[in-house]
Amino acid sequence: MILSVSRRTDVPNYYSDWFVNRIKEGFLYVRNPMNAHQISRIDLSPDVVDCIVFWTKNPANMMEKLECLKDYVYYFQFTLTGYGKDIEPNLPNKREELISTFKALSKKIGKEKVIWRYDPILISKRYTMDYHLKAFEEIASSLADYTEKVVISFVDLYAKTQRNTKKLGIRQMTNDEMISLAAQMVQIASKYNLVIESCAEQINLHNVGVQHGSCIDKKLIEKILGCKLIGEKDKNQREECGCFESVEVGAYNTCLNGCKYCYANFNDEKVKENVRLYNQASPLLCGNITSDDKITDRKVKSLKDAQLSFFE
């Protein structure tokens, strides 16, 4: 299986101690967000975990713990944007800290295993298209030798996103604006030898040089593993999402980054309530097992293709 760590929260930034303890003990629990009393026990043996995909905005707390993952294959998706504290209030300074952290991680594990994400892109009076182009180029020039790919997406203004950003003056982008901005980003990325892909976008940007990408990237994982994988597109994601099937280990309403565009946090009070339950020794992230909970073993297996192709 592919382990997603995590779409729902920034595990490397805030819960790396918990995750390392889970690796050492060989299992973890995940509560079903659609059925509160249903908990799955996930085997974390290297025999069944083909790859771990980390999602983070600041992996600094994970850096010194990577030795604990020596028996695993993994890569990081590192979101690094040009937003200030009004949008991403709890992140360190980008120029002074996060760009250096990105470089350090790349040096440690290899630039092909650190994917730069510049997303989601939102437009307001402060964050204009010109602003994004300047920020994108500054970051691209800094990371050119430390990654091979950048992923972009445009913000989806769900009801909770609109609620959390109502004071920021964010507006919906037109298709023409998305195409124009993407085309100019392609020019910048090309200057620094970076491939640029989109994430779960309905709009087709192929004509300007942006291919639909996959965060859980089957081709990248096969390249890192050196073998083929047998599996399907993740049926639990949106139709536009091209991600390969994976097992998600995070929990909603637990991320402390505080990003105003966040899709995984519903409100700040719920986050605070859940974080108070965090115990790095618990099998469950930010929660307790109750007498009403039912724990079942999730059937997991390696997706590696054991048969060699005649043509390979």
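Thr 254 is found in the loop between β10 (247-248) and α8 (268-275); helices (H or I, at least four residues) and strands (E, at least two) are DSSP runs, numbered from the N terminus. The model is a predicted one, in which local features need pLDDT of at least 70 and side-chain atom pairs count only at pLDDT 80 or more, while totals for chains, interfaces and linings use all residues. Residues are numbered from 1 along each chain as its sequence is written, and side-chain values use heavy atoms, with hydrogens and water left out.

Thr 254 counts as buried because its relative accessibility is 1%. Buried means under 20% relative accessible area, exposed over 50%, and partly exposed in between (1.4 Å probe, protein chains only). Leaving aside neighbours within four places in sequence, Thr 254 has contacts that include Arg 8, Tyr 15, Asn 265 and Cys 286; contact means heavy atoms within 4.5 Å.

Met 1 belongs to the segment before β1 (2-5). With a relative accessibility of 5%, Met 1 also counts as buried. Beyond its neighbours within four places in sequence, its contacts include Ile 42, Cys 51, Val 247 and Leu 303.

Cys 51, one of these contacts of Met 1, is buried, with a relative accessible area of 0%. The closest cysteine sulfur to that of Cys 51 is in Cys 227, 11 Å away, and therefore too far for a bond. A disulfide is a pair of cysteine sulfur atoms within 2.5 Å. Cys 243 is likewise in no disulfide, as the nearest cysteine sulfur, that of Cys 241, is 3.5 Å away. A search of the whole structure finds zero disulfides.
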